[in-house]
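Subject: Structure handover

Hello,

Please find the structure below, handed over for your use. My notes on it come after.

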Amino acid sequence: MLVRRNREAPDDDCCVVRLRKPGLLVALVGLLLVFGAGAAGAHASREASDPAPGARLDTAPEAVVLRFTEGVTVPDGAVTLFDESCAATDLPAPTLAAGGTEVSIPLPDLADGPYVVSYRVVSADGHPVQGGLSFSVGAEAGRPDCDTEPAADAGLAALAFLVRWVGFLALLS
């Protein structure tokens with residue numbers, strides 16, 4: 001048994017317990033923290049979008065909607081639209097709905113051709129998540145061959161690091 005009731009204590013201290021093997025308890029808690037964090041430790045990921053990845057649309061959409069597995073926030077300037085010539089267009093601030101799990105990105109008027117929307121968001125657990133979504137308007141077209149990787153944001157990385165460690169410290173206190 002890991003815990004023992006203090007039988008020698010007076011009745012008003014009946015609930016005082018003493019650990020017989022505190023090292024074993026620490027080891028068990030450590031194992032739970034390392035291996036028990038399964039799904040709770042997962043980061044947000046895109047689970048759906050409108051339009052669908054690779055979609056060919058007859059008319060240009062007014063917005064791109066991304067749905068994530070958990071709430072996200074979108075830093076300023078974290079969404080970019082690339083056309084077939086790889087010209088980048090910064091987009092207006094997206095709107096969040098459904099508890100932050102749905103991000104709606106308004107688009108300008110689009111001509112026929114292929115496009116890629118590149119995004120970078122921060123999940124509820126503080127981790128940056130980035131990705132892209134390609135689609136085409138009008139005739140069948142290939143995906144633009146552009147470097148759509150969002151530029152690294154040192155401030156965002158530092159914030160994610162800080163949030164992660166504050167969370168870990170909160171678990172220990």
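The notes run from the overall fold to single residues.

This is a predicted model, in which local features need pLDDT of at least 70 and side-chain atom pairs count only at pLDDT 80 or more, while totals for chains, interfaces and linings use all residues. Residues are numbered from 1 along each chain as its sequence is written, and side-chain values use heavy atoms, with hydrogens and water left out.

Overall fold

The protein chain has two helices and 12 strands; both kinds of element are DSSP runs numbered from the N terminus, helices being H or I with at least four residues and strands E with at least two. Along the sequence the order is β-β-α-β-β-β-β-β-β-β-β-β-β-α. Of the 173 residues, 31% are buried; buried stands for under 20% relative accessible area, exposed for over 50%, and partly exposed for what lies in between (1.4 Å probe, protein chains only). The accessible surface of the protein chain is about 10900 Å², and 58% of that belongs to carbon and sulfur atoms. These areas come from the Shrake-Rupley method with a 1.4 Å probe, and for residues only the protein chains shown count as cover. Among contacts between residues at least 6 apart in sequence, 61% join residues at least 24 apart, where contact means heavy atoms within 4.5 Å.

Val 117 is opposite Leu 133 of β12. The hairpin of β11 and β12 has four residues between its strands, and Gly 126 there takes a positive phi near 90°. Strand β12 (residues 128-137) also pairs with strand β4 (residues 55-57), in the parallel sense and over three bridges. Arg 56 has Ser 136 as its bridge partner in β12.

Ser 123 belongs to strand β11 (residues 113-123) and is buried, at a relative accessible area of 4%. Its side chain makes a polar contact of 2.3 Å with the side chain of Asp 125. A polar contact is a pair of N or O atoms within 3.5 Å; within protein, one must be able to donate a hydrogen and the other to accept it, and residues adjacent in sequence count only if both atoms are side-chain atoms. Neighbours within four places in sequence aside, Ser 123 is in contact with Ala 44, Glu 70, Gly 71, Val 72 and Val 129.

Salt bridges

Side chains of opposite charge can pair when their charged atoms come close. The structure holds two salt bridges, each defined as a side-chain nitrogen of Lys or Arg within 4 Å of a carboxyl oxygen of Asp or Glu. In one of them, Arg 56 meets Asp 58 at 3.2 Å, N to O. Arg 56 is partly exposed at 40% relative accessible area, and Asp 58 is exposed at 64%. Glu 102 also forms a salt bridge with Arg 67, with 3.3 Å between the closest N and O atoms. That pair links distant parts of the chain, with Glu 102 in strand β10 (residues 102-106) and Arg 67 in strand β5 (residues 63-68), 35 residues apart. Both ends are partly exposed: Glu 102 at 25% and Arg 67 at 29%.

Loops and backbone

The peptide bond between Asp 50 and Pro 51 is cis, with omega about 5°. Pro 51 sits in the loop between β3 (46-50) and β4.

The loop between β7 (79-82) and β8 (88-90) contains Ser 85, which is exposed at 55%. Cys 86, in the loop between β7 and β8, has a positive phi of about 70° although it is not a glycine. Cys 86 is partly exposed, at 31%. Ala 98, in the loop between β9 (95-97) and β10, has a positive phi near 55° and is exposed at 54%.

Surface patch

Phe 161, Trp 165, Phe 168 and Leu 171 form a nonpolar surface patch with about 440 Å² of accessible area together. Patches consist of residues with over 30% relative accessible area and no salt bridge, with like charges joined within 9 Å and nonpolar side chains (Val, Leu, Ile, Met, Phe, Trp, Tyr) within 5 Å. Phe 168 is in helix α2 (residues 154-172) and is partly exposed, at 38% relative accessibility.

Regards

Conventions
Pairing = 2+ DSSP bridges.
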